[in-house]
Amino acid sequence: MIAHLLRRLFWSLFTVWAVVTATFFIYNVLPEDPARVIAGPQARPADVARIRTQLGLDRPVHVRYGRYMSNLVRIGGPPPDPKNDSAWHLGPLHVDFGVSYLKRKPVTQLLSKALPPTLLVGFLALAIEVAIGAAAGMLAAMKRHGVLDYGTVGLTLIGISAPTFLTGLLLQHLLARELNLFPLDGYGRTTAEQLHAAFLPALTLGLYGAAYYTRLVRDEMITLLKEDYIRTARAKGQREWVVVFRHALRNALLPLVTVIGLSMGSLVGGAIVTEKIFRWPGIGSLSVDAIVERDGPVIMGVVILFSTVVVLANFLVDLSYAFLDPRIRRR
Amino acid sequence: MRSIRTKTEAPCSQQSVRGGTGARRLAYAVLVAGTLTAACRGGVAPPLGTDRDVPPERGGTLRTAFFTDVRGLDAATAFDTAASALESLLYDGLVSYDDAGRIVPVLAERIDKSPDGKRYTFPLRRGVLFHDGTELTAADVKRSIERALHVKTPCPVPSYYERIVGYSAYHDGKVDSLEGVRIDGDYQVSFELTEPDATFLHVLALPTVAPVCKSAGRVWERGFAIAPCGAGPFKLKRYEGGQIIELVRHDGYWDKGKPYLDGVEWYLSMQSFTQRFKFERGDLDYIRELSEADSLLYRSSPAWKGRGEWEPSLTTGGTFMNTEMPPFDNRHVRRAVSFGIDREQVAAVRSGHVRAHAKMVPNVLIPPTPDYPMQRYDYARALEEMKLAGYEYDPKTGRGGYPREINYLAILDSYAQTAAEIYQQQLARIGIRIKIQVVGWPTFLAKTGRRKTAEMGFAGWHADFPDPSTFFEPILSTRSIQDEESQNAAFFSHAEFDGVLDRARRSSDAKERDSLYRRAEEIVVEEAPWATTYTYSYYELWQPYVKGYRPHPVLSQHVRHAYLDSGGKQREARLRSCGTGLAWLDRVACPRAPARTTLALAGGRR
């Protein structure tokens with residue numbers, strides 16, 4: 001078991017390194033000049049050249065890569081220049097993504113500020129999609145070939161097909177503009193305001209996932225409800241809800257956990273658009289701005305953060321199998 | 001005094017809802033009500049408040065929004081449109097523009113220019129206070145300029161100031177002081193230039209070199225971008241990146257009694273459709289970034305007739321032709337393109353925001369007259385030029401023309417892409433086939449700036465400052481050509497043209513400058529390195545209770561002199577905000593608001 005975990009950990013770290021390296025080189029070999037973007041389309045060449053020098057972009061790409069990687073993770077004492085320190089400190093470990101070209105703030109500071117809003121929406125969305133997905137999938141499976149089943153299947157088709165930008169706009173129009181139940185956009189200052197404002201972006205993201213999970217749970221439940229142990233439970237005279245909840249649904253949720261781990265990436269992908277629509281100050285908005293403006297350090301920071309999150313989530317999913325399924329634990 | 005009606009109730013929004021019981025019924029009701037309300041609402045909401053002639057009154061907060069974020073508000077480094085609008089509220093410079101767009105002294109009492117045009121002296125106003133309460137002195141003016149032009153400051157435009165004596169030595173870090181900026185006592189500052197420069201006052205009017213508080217220091221530090229401090233009419237209260245910037249009145253402002261507003265709230269990164277929704281509710285008082293569809297709705301609405309205005313455009317758009325690459329090394333082909341584009345058709349695709357334009361300098365700076373040199377659409381002349389170029393084309397048979405397909409570089413998701421498709425169709429009629437390559441903005445900049453790389457593509461320019469020189473020198477002079485990063489994408493080099501521009505820059509005689517820029521425009525018409533085709537403008541809207549605002553000829557979103565007529569605004573805005581269209585739902589969604597009905601409100605002061 002320990003050897004398995006160590007192997008998984010090694011491959012996780014390797015994956016993050018590979019993603020970082022690939023992103024760095026892709027970004028740096030593009031025929032684009034961040035200095036030009038920073039200076040603006042009308043900046044004079046002398047001013048662009050000055051900015052390029054200030055940012056160290058006039059050096060060869062391998063030198064920049066070496067410098068970036070050596071600054072990225074450092075182990076040791078306090079930073080040499082605390083005033084211009086831009087690193088995250090985890091005990092003796094220092095993680096430094098550099099300084100944003102455009103916002104001129106440490107990327108760690110930008111990510112620290114953007115991460116809580118994204119997590120808030122992400123977890124709310126996850127709760128919505130799992131709750132709706134599990135409930136609707138279970139009901140559809142129980143009422144198979146009924147109106148509820150066909151209706152649910154039809155709705156999930158729409159839910160999966162509709163892109164988040166469309167769902168977001170519709171929800172914003174209906175629930176915020178017309179019914180005035182939620183703010184049109186923004187983040188809010190108090191926790192209550194933030195939770196209120198988070199609901200629409202979370203629902204936008206959650207509906208997409210809910211459609212997918214509904215299908216998944218429905219199909220799994222249909223298979224499970226035909227199993228011998230379900231028939232046995234019914235033969236023992238157990239009530240139907242006990243059969244469904246205790247024996248069928250619990251097992252049907254196992255593949256759901258796998259998919260949740262894998263869907264962390266798509267949750268972030270969806271958040272990029274959703275956060276823009278609802279002016280949600282999370283990682284999605286930060287990423288869009290950084291990509292449009294070719295803000296290299298921010299792009300790298302976001303990529304590293306999310307590749308780490310996705311890799312970690314999958315690592316945890318692997319671990320969770322052992323707890324959810326005793327057969328795996330015994331191997 | 002006019003009575004105001006809120007949006008008319010549509011009969012279908014009053015339908016009763018029938019359904020099941022309990023939660024199901026409520027859910028059903030909400031869904032149906034929302035859908036019906038949404039379906040029944042068309043067009044745009046009417047204006048809020050009353051439109052009265054009222055003298056300026058103090059108080060109130062103006063709320064507006066940007067589509068983009070604001071990266072920072074340090075005068076020395078922030079140069080984008082969004083930041084500039086806020087900087088004009090936070091900082092006052094030695095000079096700025098009056099309502100007619102003329103340069104006037106602001107923190108300076110007057111502008112003294114030496115006869116040879118190489119020395120400008122500015123006696124300063126006494127008693128000007130920064131936001132931190134300290135008094136502005138000549139030393140602050142010099143320190144602020146040196147801070148902006150310091151070698152370590154990431155200022156995007158230091159070269160604008162290259163004609164100040166000692167600029168190079170200072171900007172390269174060889175000396176500690178900018179020799180050409182001299183202070184004489186606490187209240188006088190002067191500038192020595194290496195040669196006369198007609199654009200100097202314009203670059204001095206940019207926020208880049210506006211005086212900043214002593215707390216900004218002598219050398220740039222990144223913290224000042226989110227804690228700006230100047231001598232402008234408003235000071236910063238709150239800055240949340242991507243969300244909001246709140247400004248409040250600077251009570252120590254030198255122009256007593258101004259500004260009128262208590263504050264300005266500027267929402268950031270707000271989508272244009274959200275801006276519209278908030279404007280309808282009264283959550284925003286003034287907007288500029290409507291989508292073209294929404295702008296058309298407002299412009300065609302009788303209720304909004306005469307309530308919006310086009311922002312004066314300081315932009316020129318069109319297409320460049322690389323004069324170093326075939327076939328555009330042949331001036332007849334360039335002229336054929338210039339004659340072959342029907343500019344009215346190009347503009348018709350986006351009626352309103354895009355207008356036909358056929359000269360380099362925007363109409364705001366040089367109004368067009370019948371005898372002013374301009375490019376024009378002339379199909380017969382276009383065919384003739386093709387013949388002169390050696391690529392005769394027969395439109396009846398489709399034979400002839402330039403034999404090879406020409407790559408046209410356009411920018412993704414921009415009007416340039418749409419315009420390129422129109423050029424493609426129009427130029428095919430004179431025997432020029434173009435293949436459109438759509439790329440992202442950074443790639444576009446990289447490719448068009450590289451020598452012998454881009455044959456033809458989108459060309460656009462926005463005034464750095466309101467002077468005709470900005471539409472010629474940086475983009476068409478020989479000096480602006482480089483092997484990489486060339487701003488002269490046409491790689492156009494013309495000795496007479498360069499000479500004309502140099503003379504115009506040094507001249508302080510307005511008439512002489514006019515005639516020189518007219519000659520420069522003539523050369524562009526004759527040589528056609530660019531085919532200018534359109535100009536782009538924003539349609540601005542403000543509620544009737546917003547007074548004292550008109551789009552400024554030079555400064556975008558210049559709201560510093562605006563004031564609010566408070567009568568009627570608060571109450572109706574709340575009703576609009578809470579009006580779901582259904583009385584029972586209003587009681588749930590906004591219990592303190594009266595049930596929404598057709599409402600008559602007389603305007604009145606709060």
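What percentage of the contacts in chain B between residues at least 6 apart in sequence join residues at least 24 apart? The share is 70%, where two residues are in contact if their C-beta atoms, placed from the backbone, lie within 7 Å.

This is a predicted model, in which local features need pLDDT of at least 70 and side-chain atom pairs count only at pLDDT 80 or more, whereas totals for chains, interfaces and linings use all residues. Residues are numbered from 1 along each chain as its sequence is written, while chains are lettered from A and ligands numbered from 1 in the order in which they are written.

**View 1. Chain B as a whole.** The secondary structure of chain B amounts to 17 helices and 23 strands, with helices (H or I, at least four residues) and strands (E, at least two) taken as DSSP runs and numbered from the N terminus. Of its 606 residues, 47% count as buried; a residue is buried if 20 or more other C-beta atoms, placed from the backbone, lie within 10 Å of its own, exposed if 12 or fewer, and partly exposed in between.

**View 2. The contact between chain A and chain B.** Chain B contributes 42 residues to the contact and chain A contributes 38 residues. On the side of chain B that touches chain A, the elements that each supply at least two residues are α1 (22-40), α6 (272-281), α12 (441-448), β19 (456-462), α16 (569-578) and α17 (583-589). The largest share of that side, five residues, comes from α12(B). By residue type, the side of chain B that touches chain A divides into 19 nonpolar, 15 polar and eight charged, where Ala, Val, Leu, Ile, Met, Phe, Trp, Tyr, Cys and Pro count as nonpolar, Asp, Glu, Lys and Arg as charged, and the others, Gly among them, as polar.

**View 3. Two cis peptide bonds in chain B.** A cis peptide bond, with omega about -5°, joins B:Lys258 and B:Pro259, and B:Pro259 lies in the loop between β9 (244-249) and β10 (263-267) of chain B. The peptide bond from B:Pro326 to B:Pro327 is also cis, with omega near 5°, and B:Pro327 is placed in the loop between β13 (315-321) and α8 (331-340) of chain B.

View 4. Most residues other than glycine have a negative phi. A:Arg279, in the loop between α11 (264-277) and α12 (283-292) of chain A, has a positive phi near 50°, and A:Arg279 is buried, with 25 other C-beta atoms within 10 Å. B:Gln557 has a positive phi of about 50° and lies in the loop between β22 (546-547) and β23 (563-564) of chain B; B:Gln557 is buried, with 24 other C-beta atoms within 10 Å.

**View 5. Helix α1 of chain A.** The 28 residues of α1(A) (residues 2-29) should span 40 Å at 1.5 Å a residue, and the end C-alpha atoms are 41 Å apart, which agrees; the expected span is 1.5 Å times one less than the number of residues. Of these 28 residues the number buried is one, so α1(A) lies largely in the open.
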